[in-house]
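Welcome! Take a look at the structure below, and then we can go through it together.

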Amino acid sequence: MSHVLFGTSQITEDGQLEIAGCLASDLAKEYGTPLFIYDVAKMKEMARGFKQTFDTFGTPHKVMYASKAFSCKAIYQLLKNEGLGFDVVSSGEIFTALAAGIEPSMLEFHGNNKTPAELEYAIDSAVGTIVIDNFNELDIVSRLVKVKNKIQTILLRVTPGVDAHTHDYILTGQEDSKFGFDVKSGQAAEALVKALADNQLIVAGIHCHIGSQIFDTSGFTAATEQMMSLLVDWRHQYDYVADVLNLGGGFGVRYTKEDTPLEPRMYVEKMIKEVKRLSKATDYPIPEIWIEPGRSIVAEAGTTLYTVGSRKEVANVRTFVAVDGGMGDNIRPALYQAKYTGLLADRAYDNPTETVTIVGKYCESGDRLIEDIELPHANTGDIFAMLTTGAYGYSMANHYNRNPKPAVVFVEDGQSQLVLRRETWADLILLDNDLK
């Protein structure tokens with residue numbers, strides 16, 4: 001039986017899942033389940049795949065980890081050592097990054113509805129770049145820097161109208177997005193003029209993000225063409241030359257055998273070549289290129305371990321195999337039918353004998369993790385490993401049914417380290433007040 005394994009993950013001769021030299025079954029015994037395991041070597045490999053390609057081409061750049069994919073002190077510290085900066089989207093992510101020792105200059109603050117309090121916190125914390133998403137935000141930042149007598153670097157987020165999958169320039173795609181300034185209607189140009197008129201704002205450049213789970217480079221090529229065309233127009237109309245071109249993220253990962261992502265270097269090479277080609281053709285100074293990989297750095301490095309509990313067999317319909325987690329630690333399948341695969345961690349070489357649906361323990365019929373997966377007969381107490389769960393699992397975890405959040409472990413070179421402890425029942429009532 002073949003499995004979708006990444007990094008240091010492998011199946012031992014006796015059919016056990018091993019990650020970074022650690023048996024999954026041993027980790028489950030030591031830390032309990034549900035348990036998130038992160039392969040440190042795989043995360044380093046992915047981070048270096050993006051950054052080293054820029055270095056090879058000698059291209060000024062910043063690789064900004066989109067920490068919404070998975071945020072904790074340990075991941076910030078790990079990727080800081082790899083030379084990455086960080087895309088943060090809330091005051092909580094800013095606070096965590098700063099607590100992890102990240103220099104505020106290496107942070108860029110995103111979001112379509114940053115509150116005045118969040119923006120004030122970002123400015124007070126000397127966050128390097130604020131990505132301005134709308135006019136309301138521009139007004140707030142402009143007011144705050146005057147009150148505080150500070151200078152703030154910003155990027156303008158624009159919607160270039162590129163569909164990440166069909167790569168058409170679609171007007172409805174521009175108008176229907178909650179993010180950024182629309183180019184076609186003139187919003188983006190209006191925002192530029194307004195920002196340039198404020199001498200306490202440094203308009204470093206522009207930003208776009210065209211989607212997620214992108215498996216080829218044509219969407220990025222189209223977006224680069226649109227963004228460079230916009231910059232050339234702005235040079236002629238407003239005598240503005242950008243220092244930064246942020247092309248966002250969205251690089252695909254492999255959840256199942258049907259997914260076919262490219263290596264990080266292939267995305268980056270295409271971006272670099274296209275920016276250089278267009279810069280030369282238009283005599284435009286080559287801007288510093290920023291990208292924002294998140295999912296692509298952590299997703300494939302992550303594995304979630306569950307303990308199998310009950311079974312329900314409905315003749316000629318379906319067999320349900322329940323585990324001790326579910327939509328509380330991975331809401332993606334319930335939220336938007338995300339597809340995953342997995343295996344029995346101690347019996348990976350056993351021949352499949354049944355097709356089952358892996359479900360969780362939560363009080364929702366939609367609490368299904370994997371539908372119609374072929375497995376050996378799963379017994380109560382078996383350890384089920386769900387693969388490619390490193391992105392948007394823990395970061396979207398919740399307390400539905402008052403279940404504590406799982407622990408998170410980093411593994412490397414045969415060693416494991418607890419980076420997020422398992423929540424306790426006491427943690428669940430920590431914020432509760434008694435009725436008076």
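Q: How many bridges join strand β2 to β3?
A: This is a predicted model, where local features need pLDDT of at least 70, side-chain atom pairs count only at pLDDT 80 or more, and totals for chains, interfaces and linings use all residues. Residues are numbered from 1 along each chain as its sequence is written, and side-chain values use heavy atoms, leaving out hydrogens and water. Strands are DSSP runs (E, at least two residues) numbered from the N terminus, and two of them pair if DSSP finds at least two bridges between them. β2 (residues 17-19) runs antiparallel to β3, and the number of bridges is two.

Q: Which residue of β3 is the bridge partner of glutamate 18?
A: β2 and β3 pair in the antiparallel sense. In β3, glutamate 18 has as its bridge partner leucine 23.

Q: Which strands stand at the edges of the open sheet?
A: The sheet has three strands in the order β1-β2-β3, with antiparallel pairing. Each edge strand has a single partner, so one side of it is left without a neighbour in the sheet; these strands are β1 (10-11) and β3 (22-23).

Q: Is glutamine 16 buried or exposed?
A: Glutamine 16 lies in the loop between β1 and β2. Leaving aside neighbours within four places in sequence, its contacts (heavy atoms within 4.5 Å) include Leu23 and Ala345. Buried means under 20% relative accessible area, exposed over 50% and partly exposed in between, using a 1.4 Å probe and protein chains only. At 17%, glutamine 16 is buried.

Q: Which residue in the turn between β20 and β21 has a positive phi?
A: Five bridges join β20 (residues 407-412) and β21 (residues 415-420), which run antiparallel. These strands form a hairpin with two residues between them. The turn residue with a positive phi, about 50°, is aspartate 413.

Conventions. Helix = DSSP H or I, 4+ residues; strand = E, 2+ residues; numbered from the N terminus.
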